[in-house]
Amino acid sequence: MSVSRIVFTPLNYVGWGSLEQLIPEVERFSPKKILVVTDPVLEKIGLVQRVIRPLTEQGYDVYVYSDVVPEPPLEIGEKLVSFTRQGRFDMVIGVGGGSAMDLAKLAAVLAVHEGPAADYLNLTGTKKVHKKGLPKILIPTTSGTGSEVTNISVLSLDTTKDVVTHDYLLADVAIVDPELTVSVPPRVTAATGIDALTHAVEAYVSVNASPTTDGLALQAIRLIARSLRKAVENGNDKQARIDMSNGSYLAGLAFFNAGVAGVHALAYPLGGQFHIPHGESNAVLLPYVMGYIRKSCAKRMADILNALGGNSSYLSEEEASYRCVEELERIVRDVGIPRTLGGFHIPETALERLTQDAVKQKRLLARSPLPLLEDDIRAIYRAAFDGVVAEPR
Ligand code: NAD
């Protein structure tokens, strides 16, 4: 009998209007000086003001740090960590997509540690996180990463990405209010939505999947399948935004506990080398990785097909797994994301370097139901370049 380690964030508010819970939650921690970590777009469109106005009206001393950029490089993380240490803040609130939330948790934890953030990276770091850090509240404004309920902070390096990870990076409170996502533009809605779908799909087929994460992942897939296209077509579709918020939140809980695998391992170098947004890197690879591994997890792929709205009852597991890949391809295409590496102007000459970087993502690759070795990874990138789903030889 296997034992699953299941960890959830201590407190989550999820639902339209849940931002109202911010003040009572901040009050619990009695902070004197609050750092809000966000990005310039959210400041410009007034979303940050909406979050902090009630705080300043209550007399809290609030400083807004809005220098976060998408897919934040390590250097931006280093700057924010130094700033947080010097500023003597006693609470951090992250407002934004995964980029802002990841840096908020990094800053909150490393504010009470010594040395650069680089020392704490998973692949190359030499130090371990050992203190909880400042209290942190995370408020997502995209429906995608699930960062509000995970214990990782992702940073872009020269050619790939790496993470700082520890349960101390978990938020004390996550506030998931779909109302904050209404302004997300269609292309970002599409990319972040496929990111959430990828989290759920990879968690469901992960070697670490458990009955707890299975339920979370399948419900996430159902919600995303029924509402992602609608949210991309009409950002004001309230029910679609609610479904996407719930879907990405559930997918976050699922993948945090079961892990993601091959899609993410191959997507990180695309982000690192070609600066493709995380959701789009996952989206372009999703059908090719799942097509390559489908026979190793055919029964689970059949379940995913059903959650996507298909019907596996008259199909063999093998046929259903094939249909599942087709359905994943269709949803990526319907939301307008290019379906080959060429669609992102990635040249054929790049495939070898991508392969060499993806091989290093051992933490992620270890969760794949089909072990993915160097030749497999090369074959999947080749398939994504040619636009033809490949299978192991
Ligand atoms: P993002 O945070 O980079 O935001 C993408 C763009 O959308 C930005 O320009 C931002 O300003 C804009 N935006 C965000 N919310 C908006 C809103 N409500 N209205 C209008 N514009 C809005 O994108 P993301 O996909 O949410 O996050 C990506 C990052 O998260 C990557 O670095 C990725 O590696 C990381 N990530 C982290 C985890 C985790 O568990 N920590 C999981 C997956 C991905």
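Is glutamate 71 buried, partly exposed or exposed? Glutamate 71 is partly exposed, with a relative accessible area of 21%. Keep in mind that this is a predicted model.

**The ligand and its shell**

- The ligand has 31 residues around it, and those that come nearest are Ser99, Asp102, Thr141, Thr150 and Ser183.
- Sorted by class, this shell holds 13 nonpolar, twelve polar and six charged residues.
- Four elements each give at least two residues to the shell: the helices α2 (40–44), α5 (98–110) and α6 (186–205), and the strand β6 (152–156).
- Aspartate 102 places a polar side-chain atom 2.7 Å from a nitrogen atom of the ligand.
- Threonine 141 also has a polar side-chain atom 2.7 Å from a nitrogen atom of the ligand.
- In the side chain of lysine 161, an N or O atom sits 2.9 Å from an oxygen atom of the ligand.
- On its own the ligand would expose 860 Å², and the protein buries 93% of that area.

- Helix α5 has 13 residues, and 13 of them are buried.
- The end C-alpha atoms of α5 are 18 Å apart, which agrees with the 18 Å that its 13 residues should span at 1.5 Å a residue.
- Helix α6 has 20 residues and runs 29 Å from its first C-alpha to its last, close to the expected 28 Å.
- Most of α6 is covered too, with 17 of its 20 residues buried.

**Cysteines**

- The disulfide count for this model is zero.
- Cysteine 297 takes part in no disulfide, and the nearest cysteine sulfur, in cysteine 324, is 8.6 Å away.

**Backbone angles to look at**

- Most residues other than glycine have a negative phi.
- Glutamate 71 is not a glycine, yet its phi is positive, at about 50°.
- You will find glutamate 71 in the loop between β3 (61–65) and α4 (74–87).
- Histidine 275 likewise has a positive phi, near 55°, and is a residue other than glycine.
- Histidine 275 belongs to the loop between α9 (262–274) and α10 (278–293).
- Is histidine 275 buried or exposed? Histidine 275 is exposed, with a relative accessible area of 64%.

**Other positions along the chain**

- Glycine 252 is part of helix α8 (residues 238–258), where it is buried with a relative accessible area of 0%.
- Between the C-alpha atoms of glycine 252 and phenylalanine 89 there are 28 Å, and the two residues are 163 residues apart along the chain.
- Alanine 390 lies in the segment after α15 (374–386) and is partly exposed, with a relative accessible area of 22%.
- The C-alpha atom of alanine 390 is 24 Å from that of alanine 196, with the pair 194 residues apart along the chain.

Definitions and conventions
Residues are numbered from 1 along each chain as its sequence is written. This is a predicted model: local features need pLDDT of at least 70, side-chain atom pairs count only at pLDDT 80 or more; totals for chains, interfaces and linings use all residues. Side-chain values use heavy atoms; hydrogens and water are left out. A residue is near a molecule or strand if one of its heavy atoms lies within 4 Å of it. A polar contact is a pair of N or O atoms within 3.5 Å; within protein, one must be able to donate a hydrogen and the other to accept it, and residues adjacent in sequence count only if both atoms are side-chain atoms. Accessible areas come from the Shrake-Rupley method with a 1.4 Å probe; for residues, only the protein chains shown count as cover. Ala, Val, Leu, Ile, Met, Phe, Trp, Tyr, Cys and Pro count as nonpolar, Asp, Glu, Lys and Arg as charged, and the others, Gly among them, as polar. The expected span of a helix is 1.5 Å times one less than its number of residues. Buried means under 20% relative accessible area, exposed over 50%, partly exposed in between (1.4 Å probe, protein chains only). A disulfide is a pair of cysteine sulfur atoms within 2.5 Å.
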